[in-house]
Amino acid sequence: MQSKASLANLIASDYKSHDENTLSALTMFKFFLYFSTVQLCLFSLEKLNSTRELVIIPFTEKLAQISTWLIQIFDDQVISNGIILQHLENGFSVSIESGCNGVEALMILASAMLVFPAPWLFKLQGIIIGFIAVELLNIVRIISLFYLGQWSLVAFEWAHLYIWEALIMLDVLIIFLCWLKFLPDTPERVTEKHAD
Amino acid sequence: MPINSLALFILKVFLWLPLCYWGWYYTANETTLAIAYLTEILLNSSFPLLISDIEQVNTHLDIVVNITLPAAQVPKGMVAELPIPINPLIYNHGLPLGLSLILASPFSYCKTPLNLVLILLISIPFQLFGICFEFMKTLFLQTPKELTSHVKLDSWQLDGIAVGYQMGSLVLPTVVPIIIWLFLYRDFIVQFVPTLQKIINKP
């Protein structure tokens, strides 16, 4: 009985908020609630036909062009046509569809930064740097999948459906943690520090 | 916590990731069995008499649907059914990342195993969400209307299915495990960003 009570206490102490040093569950819950709301709004906005025609498709085409340009440095048998990358020698092609252009990952990052209490300029800087970092990794994903598909369709499926998705999201998490790391101290917070 | 500690944490995540992917895929047949059972309960309660059967083929599911066809087109002694193939792993592929994040975080004999179980359990409803919305998307948006004439849906419901499918396949599978980790390891995150607690908990 005593050992059971000790175990329960141990678990409880593990989960207990340590007041001064931790974020309260309620605060985190509020953050996730705002985050989900902004995320849902951005997601619905992205799915509008006008947004797709004016922003998403031209952006994806540009992504395909940049990927092709990079590939052509070492392989001149690759061309892009709209959102499609094609290898002229073996005819293999990939199409950069919704979910493969990094826009969803960017929306997740932007939502997290927008709802976090930070100066607006810092949020903007974070979103711009995040955009560059996510899209750079996404170009690596597109190029790697393009060649992986020519080598093995099973490996392509695995990397496409399971691995790269998680890596892109890990990239988003790392960017967000680094962004938090460099959060500036506002004058109010500096005053608080001195008062402490 | 200095920035190189963050780098060390990320390195640990990358070291755990292949092992977690292996474990996740190795147990995929068994988890798919459980998911098939739950999907059947959920779909049968949402669309009574529509689902004929759910068959598991390794890590894939075939949801067999009763469809409507003119009697003349159905050979005698046969019933009109449409199998909808679904890969449930697509809606759970963020789980290995979530497990890696937990395993790379500070270890505790009580908290770590509990959190691993917790993330496994919490990810199930989101996986079911993705499976159900793919099923509805295939059946109501991609299948000829005359085959599903016994189910009437409004246009706003069809729009909802499209958005739900996109959320369930593109956002939730990877975001949910990260959110769970952020929530469970908020003490650890404060170590990365010492000012975080002051900023967020400020009245």
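This report describes salt bridges, aromatic rings, helix packing and selected residues in a predicted model.

## Basis of the report

The model is predicted, so local features need pLDDT of at least 70 and side-chain atom pairs count only at pLDDT 80 or more, whereas totals for chains, interfaces and linings use all residues. Residues are numbered from 1 along each chain as its sequence is written, chains are lettered from A and ligands numbered from 1 in the order in which they are written, and side-chain values use heavy atoms, with hydrogens and water left out.

## Salt bridges in chain A

A salt bridge is counted where a side-chain nitrogen of Lys or Arg lies within 4 Å of a carboxyl oxygen of Asp or Glu. Over all chains, this rule gives three salt bridges. One of them joins Glu46(A) to Lys47(A), with the closest N and O atoms 3.6 Å apart. Lys47(A) also forms a salt bridge with Glu104(A), where the closest N and O atoms are 3.7 Å apart. Lys47(A) belongs to helix H2 (residues 25-47) of chain A and Glu104(A) to helix H4 (residues 103-115) of chain A, so this pair ties together parts that are 57 residues apart in sequence. Helices (H or I, at least four residues) and strands (E, at least two) are DSSP runs, numbered from the N terminus.

Glu46(A) and Lys47(A) are both buried. The relative accessible area is 18% for Lys47(A), and 3% for Glu104(A), which is also buried. A further salt bridge, at 3.1 Å from N to O, joins the side chains of Arg141(A) and Glu165(A). This pair links distant parts of the chain, 24 residues apart: Arg141(A) is in helix H5 (residues 120-151) of chain A and Glu165(A) in helix H6 (residues 153-181) of chain A. Both Arg141(A) and Glu165(A) are buried.

## Packing of two helices

Two packed helices are described by the angle between their axes and the distance between the axes. H5(A) and H6(A) pack at an angle of about 165°, with their axes 10 Å apart. Axes are lines fitted to C-alpha atoms, for helices over the stretch in contact, and angles run from 0 to 180 degrees between N-to-C directions. H5(A) is therefore roughly antiparallel to H6(A) (under 35 degrees is roughly parallel, over 145 roughly antiparallel, 65 to 115 roughly perpendicular and the rest oblique). The crossing of H5(A) and H6(A) is right-handed, a crossing being left-handed if the near helix is turned anticlockwise from the far one by less than a right angle, and right-handed if clockwise.

## Aromatic rings

Rings of Phe, Tyr and Trp (its six-membered ring) pair if their centres lie within 6.5 Å; planes under 30 degrees apart count as stacked, over 60 as edge-to-face and the rest as tilted. The count comes to 29 aromatic pairs over all chains. In one of these, the ring centres of Phe92(A) and Phe156(A) are 6.4 Å apart and the planes stand at 85°, so the pair is edge-to-face. Phe92(A) lies in the loop between strand E2 (84-87) and strand E3 (93-95) of chain A and Phe156(A) in helix H6 of chain A, so the pair ties together parts that are 64 residues apart in sequence. Phe92(A) is buried at 17% relative accessible area, and Phe156(A) is buried at 14%.

Phe176(A) and Trp179(A) form a stacked pair, with 5.8 Å from centre to centre and 25° between the planes. Both lie in helix H6 of chain A, three residues apart, about one turn of the helix. Phe176(A) and Trp179(A) are both buried. Ring pairs link these two into a cluster whose members include Phe31(A), Phe116(A) and Phe183(B). The charged end of Arg186(B) sits over the ring of Phe183(B), 4.8 Å from its centre (NZ of Lys or CZ of Arg must be within 6 Å of the ring centre and within 35 degrees of the ring normal).

## Chain B

Chain B has seven helices and three strands. Of its 203 residues, 48% are buried. Asn58(B) lies in the loop between strand E1 (51-57) and strand E2 (60-66) of chain B, and its phi is near 55°, a positive value in a residue other than glycine. Asn58(B) is exposed, at 55% relative accessibility.

Note on methods
Buried < 20%, exposed > 50% of the residue type's maximum accessible area, 1.4 Å probe, protein only.
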